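Me: I'm new to reading protein models and would like to go through one step by step. Could you show it to me first?

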There are 2 protein chains.
Amino acid sequence: MEHKAPIKITPIGSGNWDSAIALIVGRNAQKHDDHFAVEVLMWVHEEKVNGKRLTEIINTQHENVKYLPDKKLPVNVIAVADLVTACRDSDILVFVTPHQFVENVCTQLKGRLKKDALAISRIKGFLVDKKEGTIRLVSEAIRELLNIDVAVLMRANVAQDVANEEFSTATIGYKGRKEMWPILKKLFESESFRVNLTEDSNTVELCGGLKNIVACAAGFADGFGYGSNTKAAIIRLGLLEIIIFIELFYHCSNIRTYFESCGIADLIASCTSGRNRKICEAFVKTRKSIEELEREMLNGQSVQGPITAEAVFIMLNKHDMLSRFPLFVVVHKICQKELSPSLLIECLRQCKNKLPNNQVGIQLSLVIN
Amino acid sequence: MEHKAPIKITPIGSGNWDSAIALIVGRNAQKHDDHFAVEVLMWVHEEKVNGKRLTEIINTQHENVKYLPDKKLPVNVIAVADLVTACRDSDILVFVTPHQFVENVCTQLKGRLKKDALAISRIKGFLVDKKEGTIRLVSEAIRELLNIDVAVLMRANVAQDVANEEFSTATIGYKGRKEMWPILKKLFESESFRVNLTEDSNTVELCGGLKNIVACAAGFADGFGYGSNTKAAIIRLGLLEIIIFIELFYHCSNIRTYFESCGIADLIASCTSGRNRKICEAFVKTRKSIEELEREMLNGQSVQGPITAEAVFIMLNKHDMLSRFPLFVVVHKICQKELSPSLLIECLRQCKNKLPNNQVGIQLSLVIN
């Protein structure tokens with residue numbers, strides 16, 4: 001990438017998260033106009049809102065009235081309905097679309113992007129190859145389909161809080177060109193939004209997806225009115241399963257990554273608020289199905305936790321590993337109504353997971369200068 | 001210790017936590033009467049409650065009506081007012097007294113205990129040598145004063161939840177005789193209370209004390225009504241300061257210990273409920289002093305967080321390390337009313353802490369069998 005020319009940014013998508021991201025990168029493109037092209041084209045899936053086109057509303061009222069109402073977008077964010085037009089000159093493509101649309105978006109973009117464009121995905125959740133019984137990372141899919149570098153951005157799932165500029169932190173995972181690190185930091189960081197970078201990109205992405213399963217368990221516990229000790233135990237046992245899952249199937253994660261925001265902080269936030277927790281709390285209290293609750297509480301949008309739990313269950317089952325992941329498995333079975341949520345605690349009582357010793361029995365000794 | 005004779009247990013103290021512990025070990029002494037002497041003598045600091053002696057109330061009504069009302073203690077728990085009588089034949093002494101009484105209790109017991117007696121401390125908080133500017137672990141003080149083995153038991157600070165038998169977990173740290181591990185597990189574990197053991201005893205104890213400082217920061221954030229992203233960021237930054245503090249002053253902790261209950265789980269529970277959080281939330285909302293709030297909300301009992309923050313501040317100041325621990329320092333200064341709590345977030349914005357790389361750049365590789 002030639003950095004003397006201003007770097008062009010394109011958020012792909014127009015949901016609430018996309019709009020929150022457009023708000024941040026739009027402001028940063030203005031603020032750092034020595035690095036970025038000020039004009040930020042945002043791909044908006046065209047639809048009619050109160051008889052008007054959504055692109056037109058965004059470009060005149062500077063507000064995504066449907067998905068992020070009452071938040072003004074910067075005027076330099078321009079909504080574009082045609083995907084290829086929005087993306088073809090872009091240097092950094094920010095993927096925020098739901099994961100089920102990724103393959104379709106990439107197919108349309110294939111061969112039509114700048115060669116050294118960089119994609120950054122904040123999509124949580126995995127693609128599933130049901131035949132193979134494996135999950136596939138969204139970043140892997142984008143990389144293979146578009147043949148470009150892919151970074152991931154993970155943070156807790158509360159779009160409104162980000163738009164409200166409450167202090168929070170996030171993690172970017174990117175193994176590629178190191179010269180892009182300060183640029184990515186400049187693009188996403190703000191006074192209230194702190195970003196750390198790590199090369200351990202797969203771990204960052206996997207934490208972002210797997211934590212939603214744990215958030216479901218936290219929601220079930222809230223449904224029963226259990227106290228904070230029980231919730232804390234669930235979060236801890238969930239984190240252990242996350243770490244063991246990543247080690248088992250992806251190898252060589254860096255233990256430090258779990259201490260980044262994408263690890264414990266996002267896990268805690270998702271188990272305290274966020275949609276997965278909320279829907280699963282209602283699941284226990286109302287005994288309705290997840291699908292019914294999504295219709296009633298989220299206008300039919302889906303929560304990622306149950307879908308991710310299913311994908312992970314398929315993979316664990318295929319590899320004969322179900323017994324190693326009691327929490328992940330019980331969440332899936334409760335969501336499918338195969339088990340009563342009252343069995344959650346019974347499962348936790350039997351969790352024997354500890355972080356295993358590593359091969360050389362290292363006691364991590366940190367260098368403090 | 002000769003294990004053919006039944007092992008005698010003595011809880012030392014009669015507050016709410018002592019009583020919750022007496023409840024657990026009393027039951028387990030009955031349940032495992034092949035290991036333990038069924039009769040559990042509990043040292044009770046004698047006082048009059050409604051004109052009756054507290055020991056008499058406990059021994060007739062089997063309830064600590066003052067500090068843990070409405071919870072029946074097992075009948076095999078016998079309250080004893082004389083400290084030496086309660087302790088001299090004991091094999092395992094459970095210290096639950098407030099940390100300021102430890103030295104006095106030990107002085108009375110010195111030379112009057114069985115030689116191979118084991119002390120187990122669940123006291124959170126540190127002793128301070130103001131002249132030296134250092135903190136001293138309670139376990140170290142007991143070990144030095146009594147010249148016996150000392151283990152520590154740490155768990156989240158919600159006595160009522162434990163007495164209510166909500167599912168929760170705890171960690172015992174003990175470096176000494178390995179044959180005592182299964183005995184300690186039998187003594188404290190129950191259906192709803194899971195216990196793991198580790199040799200990394202100092203880290204377990206330090207986590208138990210330091211987390212209360214972080215819980216104060218969480219309370220300040222709650223006082224301002226900040227959301228879960230901010231709280232999660234505080235917990236993460238607090239955990240990093242805990243780890244760096246322990247590495248800096250105690251060296252060679254095992255990174256796995258932070259994934260035990262004493263690490264992340266107790267930290268999360270204390271930042272979600274517990275006294276420190278509650279008092280500090282009220283501190284922001286009412287602008288009263290910590291002492292006033294303790295009188296009003298806790299019958300004059302003290303919260304550990306502000307005292308621990310002061311002890312740590314003295315130590316950091318002495319070692320010229322204040323700038324490395326922005327969260328610990330800001331909590332102390334807010335509690336002392338030297339800084340406005342509104343500066344908490346400003347401090348967090350400037351936190352640059354990351355877990356430093358260790359000397360040999362190890363990527364922790366776990367063995368999954």
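Me: Leaving out residues up to four places away in sequence, which residues does B:Arg277 touch?
Reply: A contact here means that heavy atoms come within 4.5 Å. Once residues up to four places away in sequence are set aside, B:Arg277 touches B:Ala215, B:Ala218, B:Gly219, B:Asp222, B:Lys231, B:Ser270, B:Cys271 and B:Thr272.

Me: What kind of model is this?
Reply: Residues are numbered from 1 along each chain as its sequence is written, while chains are lettered from A and ligands numbered from 1 in the order in which they are written. Side-chain values use heavy atoms, without hydrogens and water; local features need pLDDT of at least 70, side-chain atom pairs count only at pLDDT 80 or more, totals for chains, interfaces and linings use all residues, and the model is predicted.

Me: Is B:Arg277 buried or exposed?
Reply: B:Arg277 is found in helix α11 (residues 275-286) of chain B; helices (H or I, at least four residues) and strands (E, at least two) are DSSP runs, numbered from the N terminus. With a 1.4 Å probe and protein chains only, under 20% relative accessible area is buried, over 50% is exposed, and in between is partly exposed. At 11% relative accessibility, B:Arg277 therefore counts as buried.

Me: Why does the salt bridge of A:Arg236 and B:Glu260 join two chains?
Reply: The closest N and O atoms of A:Arg236 and B:Glu260 are 3.9 Å apart. Both residues are buried. The pair joins two chains because A:Arg236 lies in helix α9 (residues 228-250) of chain A, and B:Glu260 in the loop between α9 and α10 (261-272) of chain B.

Me: How many salt bridges are there over all chains?
Reply: Another example is B:Lys66 with B:Glu47, at 2.8 Å from N to O. This pair links distant parts of the chain, 19 residues apart, with B:Lys66 in the loop between α2 (54-61) and β5 (77-80) and B:Glu47 in the loop between β2 (40-43) and β3 (48-49) of chain B. At 41% relative accessibility, B:Lys66 counts as partly exposed. Over all chains, the number of salt bridges is 34.

Me: What is the volume of the largest cavity?
Reply: A cavity is a set of points on a 1 Å grid over the protein atoms alone where a 1.4 Å probe fits but cannot get out, and its lining residues have an atom within 4 Å of a point. Points are joined across faces, edges and corners, and the volume is the space filled by probe spheres set on them. The lining of the largest cavity has 14 residues, with A:Thr169, A:Arg194, A:Asn196, B:Arg236 and B:Leu237 nearest its centre. Its volume is about 80 Å³.

Me: Where does UniProt place the "binding site" feature that includes A:Lys124?
Reply: UniProt positions follow the numbering used here, feature names are shortened, and annotations may be inferred rather than shown by experiment. A:Lys124 is buried, with a relative accessible area of 6%, whereas A:Arg275 is partly exposed at 30%. According to the unreviewed UniProt entry, the feature is at A:Lys124, A:Arg275 and A:Asn276.

Me: Which residues does A:Gln304 touch, not counting residues up to four places away in sequence?
Reply: A "binding site" feature in the unreviewed UniProt entry also includes A:Gln304. A:Gln304 lies in helix α13 (residues 304-318) of chain A and, at 16% relative accessibility, counts as buried. Not counting residues up to four places away in sequence, A:Gln304 touches A:His99, A:Lys124, A:Gly125, A:Asn212 and A:Asn276.

Technical notes:
Salt bridge = Lys/Arg side-chain N within 4 Å of Asp/Glu carboxyl O. 1 Å grid on protein atoms, 1.4 Å probe; cavity = no way out; pocket = protein on both sides within 12 Å on 5 of 7 lines; lining within 4 Å.
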